[in-house]
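Please look over the sequence and the model shown here. A short report on the fold comes after them.

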Amino acid sequence: MLLPTLHFVQHTYNWIPSQAMEEIGAFLGLAPAEVMDTATFYEEYWLKPKGKYLLQVCRSLACEICDSRKLTDHLRKKLNIEVGQTTDDDRFTLIELECLGSCGTAPAMLCNEQLYEDLTVEQLDELIDKLPADPHDFKDPFLAGVESHGH
Ligand code: FES
C-alpha cells in the first residue's frame, strides 16, 4: 500500500514533500522513518521539487558511444548545475537515466515528455534558449524552434 500511495502523492504534487510523508505514515500506520526509508530507496521518487523543465539525458551504452556525455557536460556548464540538481530559478532539473528506447537514433534526451533524438550540442543550445517560460506553452519541438535534422 505504501508504494502506490507514494506514487499517488508524487503524481499529484510532482514530488513528495516531507509533510506528505508524515501524513502517509499516519494514514497507513507506519513510522515516518519507514516511509522515508522506502521513498529514498527508490530512485523514481522525488523528494525535492523538480524544475519546470526536466532534462533527462540517456547515459546507456548506445548513447554513451554517441557522445551523450558531451550533452550532459554542456548542460552542466550552461545551467551551472550538477546532475541531479535544479537551477536556482527552478527552471531546469538535470538528470541522467537509462535507455530511452531510441538507441538507433542516439544520443537521446527527454525534455519533460518530449523525446529528442540524434541530438547535437548546437540543437540542445537552441532548444534550451527557446523554451518558453511556461512549460504548458511547450507542446511541439518544432514550435520550440528546434529544426528537424533531415527526417
Ligand atoms: S542507449 Fe540511449 S536510448 Fe538506448
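**Basis**

This is a predicted model: local features need pLDDT of at least 70, side-chain atom pairs count only at pLDDT 80 or more, and totals for chains, interfaces and linings use all residues. Residues are numbered from 1 along each chain as its sequence is written, and side-chain values use heavy atoms, with hydrogens and water left out.

**Overall layout**

The protein has 6 helices and 4 strands. Helices (H or I, at least four residues) and strands (E, at least two) are DSSP runs, numbered from the N terminus. Read from that end, the order is α-α-α-β-α-α-β-β-β-α. The C-alpha atoms fill a box of roughly 55 × 35 × 25 Å along the principal axes.

Domain bounds come from an automatic or database domain assignment. That assignment gives domain 1 (2–41) and domain 2 (53–149). Their C-alpha centres lie 29 Å apart.

Of the 151 residues, 39% count as buried. Buried means under 20% relative accessible area, exposed over 50%, and partly exposed in between (1.4 Å probe, protein chains only). A contact means heavy atoms within 4.5 Å. Among contacts between residues at least 6 apart in sequence, 60% join residues at least 24 apart.

**Helix α1**

Helix α1 covers residues 2–13, 12 residues in total. Its span from first C-alpha to last is 17 Å, close to the 16 Å expected at 1.5 Å a residue. The expected span is 1.5 Å times one less than the number of residues.

Which residues of α1 are buried? They are Leu 2, Thr 5, Leu 6, Val 9 and Gln 10. These residues cover an arc of only 135° around the axis, which puts them on the same side of α1. The arc is that of the directions from the helix axis to the C-beta atoms. An α-helix has 3.6 residues a turn, so residues three or four places apart point the same way. On the other side of α1, Phe 8 and His 11 are exposed. The cover over the buried residues of α1 includes α2 (18–28) and α3 (32–41).

**Helix α5**

Helix α5 (residues 68–79) also has its span given: 16 Å over 12 residues, close to the 16 Å expected. Its buried residues are Ser 68, Leu 71, Thr 72, Leu 75 and Leu 79. They cover an arc of only 95° around the axis, which puts them on the same side of α5. Lys 70 and Lys 77 are exposed on the other side. The cover of the buried residues of α5 includes β1 (53–58), α4 (61–65), β2, β3 and α6. After α5 comes Asn 80, with a positive phi near 60°.

**Backbone exceptions**

Most residues other than glycine have a negative phi, and most peptide bonds are trans.

Asn 14 follows α1. Elsewhere, a cis peptide bond joins Ala 106 and Pro 107, with omega about 0°. Pro 107 sits in the loop between β2 (92–97) and β3 (109–111).

**Cysteines**

How many disulfides does a search of the whole structure find? The search finds 0. A disulfide is a pair of cysteine sulfur atoms within 2.5 Å. Cys 63 is buried, with a relative accessible area of 3%. Cys 99 is partly exposed, at 41%.

**Aromatic rings**

Rings of Phe, Tyr and Trp (its six-membered ring) pair if their centres lie within 6.5 Å; planes under 30 degrees apart count as stacked, over 60 as edge-to-face and the rest as tilted. The whole structure holds 3 aromatic pairs. One of them joins Phe 41 and Tyr 42, edge-to-face, at 5.0 Å centre to centre and 85° between the planes. Phe 41 is exposed, at 64% relative accessibility. Tyr 42 is partly exposed, at 30%. Ring pairs link Phe 41, Tyr 42 and Tyr 45 into a cluster.
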